[in-house]
Amino acid sequence: MPTAVQPARSRRQWVALAVLMLPVLLVSIDNTVLNFALPAISEALQPTGTQLLWMIDIYPLMLAGLLVAMGSLGDRIGRRKLLLIGSAGFGIVSVLAAFAPSIEYLIAARALLGFFGAMLMPSTLSLLRSVFTDREQRRLAVAVWASGFAAGSALGPIVGGFLLEHFTWGSVFLIAVPLLLPLLIMVPLLVPESRDPNPGKIDVASILLSLFTMLPIVLGIKRVAEGGFDLFGAIAVLVGLAAGVLFVRRQKRLETPMLDLELFRRGAFSGAVLINLFSVIALVGGLFFVSQHLQLVLGLSPMNAGLILVPGLVVMIIAGLAVVPIAKRVRPSRLIPAALLISVGGYAAIAVTGGEISALGIAVTFTALGLGIGAAETVSNELILSNVSADKAGAASAVSETAYELGAVLGTAILGTILTASYRAAVELPQGLSAAQQAAAGETLGGAVAVAGELPTDLGAVLLDSARAAFDSGAGMAAWIGAGLVLAAAVIGLTTLRKAS
C-alpha cells in the first residue's frame, strides 16, 4: 500500500504546483504588459511624468506595504483561503481598470490591484513550503515557481503586443480573467489548506506601521529624484524611517509578532532577501527604459518589442531550472555571485553605449541579464524557505515577496525618475508649440511622440530627434546604476552566504 500511495501523493504535489503557478503567471504577465502599454496609456490619458510614474509605482507600493501583513494573515486564517479571496478581488478590479476613463481612476484601480495582489504571492510560495517537505523536491519546485515569473514575462510582451495592436490599452488588464477563473475552481479541489497552528492575534497597529513605513520612504525618494534634495523629500523619508523604527520595536514587544525579526539574524535569510531586492531594482528599472527605447526610439510595434526580449526571458527560465543540479554541488556563496556577474556584464554593455543601442544589442544584453538573475533568484528563494519552519512559511514568503515588490517600486522610483529628470533637462523643444504641447513633450518621451504626431512633418521630426537623444542619454546613466546594483547583490552573496549550503 505505501508504494501505491507515494506516487499518488507525488502526483498531487506537482499538480498542486501547476495550479499555484497561475497567480505567478498572472502577476508577471501584468507587470510586463504594463511596461509595454506605457506609450499607449501616455497617448490616451495624457498623464504628467509624475502621474505616469505613480500609475506604475502604486501597485508594487501597495504590495510592498501589505505583503508582510497579508503573509501573516494567511498564516492565521489559512493560506488557501487568502489566495482565493485575493484572486476574486484581483479579477474584479482588473475589469474595472480595463475601462478606466482617466489617469486618476487608473491609479486608484492599480492601488486596489496591489491590495488584492498582496494576498496572492505569499500564499503561493508558502503553500509550496508545506506541500514539498523534501528539500530536493522543494528546490526544484521553487525553481519552477521562480521560472513562472520569467515565463509570464515572456508571454506578456507577446500576448500584450497582440492585444495592443488590435485593441485599446485597457485590454491588457483583462488577461487576468482567463487565468483567475480556473484558479478559483481548481485550488479548492487540488491544494490543501495550510496555516500556523499557533498564529496569535492580528495586530492592526503593526499593519498600519508597515504601511506608514513604505509609503513615505518611496514618496521621499521620488521627490528627491525628481526635483533634487528638498525639505519635503527629507521629511517624508524621516517619517517613514521613524515608522519603521516603531514597527521594529513593536514586533520585539509582541508575544506573537507579525514579523519574526529573528529571521534576519540568519545570514542566509537576510542575505538572500537583499540579493532579491537589489536584483529586482535593477531588472525592473531596466525594463522601464528598455521597453520605451524599443518602441519610442527604435519605432518597433509593441509585439515586435516584446519579441526582442523573449530570448532573455527564455534564458532566465532555463537558467532557473538548470541551476538546480549545480546548487547541489556548488555553495551559494560562490554560485550566486558568479551568476550575477554575468548580469553585470549585460548592464555594462548597455551603459557604455550611452543608451544608443540597437534592437539586436538589447536582445543580447538582456539575455545576459536574464541568465544571471534567473539562476541567482532560484537559489536565493530556496534559501529563504529552507531557513524557516513550515508554520512560519507565510511570513517568510511575504518578506521575500516584499523584497521583490519594494525592488519594483525602487526600480521605477530611482532609475525611472533619474531617467525622467535627465530627459526633462536635456530635451530641447522647437519653437511653435502651444503651452499644452510644451508641457506634454517636456514631461515624457511618450508625450513627445504624441505631440510630434500633431505637428507638421519637419517640426515633428526635429522634436522627435531631440526627445529620443535626451531619453537615450538618461538611459545610459540608468544602466550604469543598474550595473552597480547587481554588483552590490553579488558582493552581498559573497559575504553573507558563506555558511549557507
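**Close-up views of a predicted model**

**View 1. Confidence along the chain.** In the chain, helix α1 (residues 2-45) has the lowest confidence, with a mean of 71, and α3 has the highest, at 90. The score is pLDDT, the predictor's confidence in each residue, on a range from 0 to 100. The pLDDT is below 50 over residues 1-5, a stretch with zero contacts in the model beyond near neighbours in sequence. A contact is taken as heavy atoms within 4.5 Å. The chain average is a pLDDT of 79, and 88% of the residues score at least 70. This is a predicted model, in which local features need pLDDT of at least 70 and side-chain atom pairs count only at pLDDT 80 or more, while totals for chains, interfaces and linings use all residues. Residues are numbered from 1 along each chain as its sequence is written, and side-chain values use heavy atoms, with hydrogens and water left out.

**View 2. The whole chain.** There are 17 helices and zero strands in the chain. These elements are DSSP runs numbered from the N terminus, with helices (H or I) of at least four residues and strands (E) of at least two. Of the 501 residues, 58% count as buried. Buried stands for under 20% relative accessible area, exposed for over 50%, and partly exposed for values in between, with a 1.4 Å probe and protein chains only. Among contacts in the chain with a separation of 6 or more, 84% are between residues 24 or more positions apart.

**View 3. Helix α3 against helix α5.** Helix α3 (residues 79-98) packs on helix α5 (residues 121-131) at an angle of about 150°, and their axes are 9 Å apart. α3 is therefore roughly antiparallel to α5. Axes are lines fitted to C-alpha atoms, for helices over the stretch in contact, and angles between N-to-C directions run from 0 to 180 degrees. Angles under 35 degrees count as roughly parallel, over 145 as roughly antiparallel, 65 to 115 as roughly perpendicular, and the rest as oblique. The crossing of α3 and α5 is left-handed, a term for a near helix turned anticlockwise from the far one by less than a right angle, with clockwise giving right-handed. From α3, Arg79, Arg80, Leu82 and Leu83 meet Ser123, Thr124, Ser126 and Leu127 of α5. By class, this contact of α3 with α5 has three nonpolar, three polar and two charged residues. Ala, Val, Leu, Ile, Met, Phe, Trp, Tyr, Cys and Pro count as nonpolar; Asp, Glu, Lys and Arg as charged; and the others, Gly among them, as polar.

**View 4. Leu83 in α3.** Leu83, found in helix α3, is buried, with a relative accessible area of 0%. Not counting residues up to four places away in sequence, Leu83 touches Leu20, Pro23, Met119, Leu120, Ser123, Thr124, Leu127 and Val187. Leu83 and Phe116 are 33 residues apart along the chain, and their C-alpha atoms are separated by 9.1 Å.

**View 5. Helix α10 against helix α13.** The axes of helix α10 (residues 267-297) and helix α13 (residues 359-386) cross at roughly 160° and come within 10 Å. The two helices, α10 and α13, are therefore roughly antiparallel to each other. The crossing in which α10 passes α13 is left-handed. Residues of α10 in this contact include Phe269, Val280 and His293, and those of α13 include Phe366, Glu377 and Ile384. The residues of the contact of α10 with α13 divide into 16 nonpolar, five polar and one charged.

**View 6. Helix α12 against helix α17.** Helix α12 (residues 332-352) and helix α17 (residues 457-496) have axes 8 Å apart and pack at an angle of about 170°. This makes α12 roughly antiparallel to α17. Among the α12 residues in the contact are Pro337, Leu341 and Tyr347, and among those of α17 are Gly476, Trp480 and Gly493. By class, the contact of α12 with α17 has 17 nonpolar, five polar and no charged residues.

View 7. Ser206 lies in helix α8 (residues 204-227) and is buried at 0% relative accessibility. Leaving aside neighbours within four places in sequence, Ser206 is in contact with Phe247, Arg250, Gln251, Leu254 and Met258. Ser422, in helix α14 (residues 393-426), is buried with a relative accessible area of 14%. With neighbours within four places in sequence left aside, Ser422 is in contact with Ala470, Ser473 and Gly474. Ser422 and Ser473 are 51 residues apart in sequence and 7.5 Å apart in space, C-alpha to C-alpha. Ser466 is in helix α17 and counts as buried at 17% relative accessibility. Ser466 is in contact with Val427 and Glu428, leaving aside neighbours within four places in sequence.
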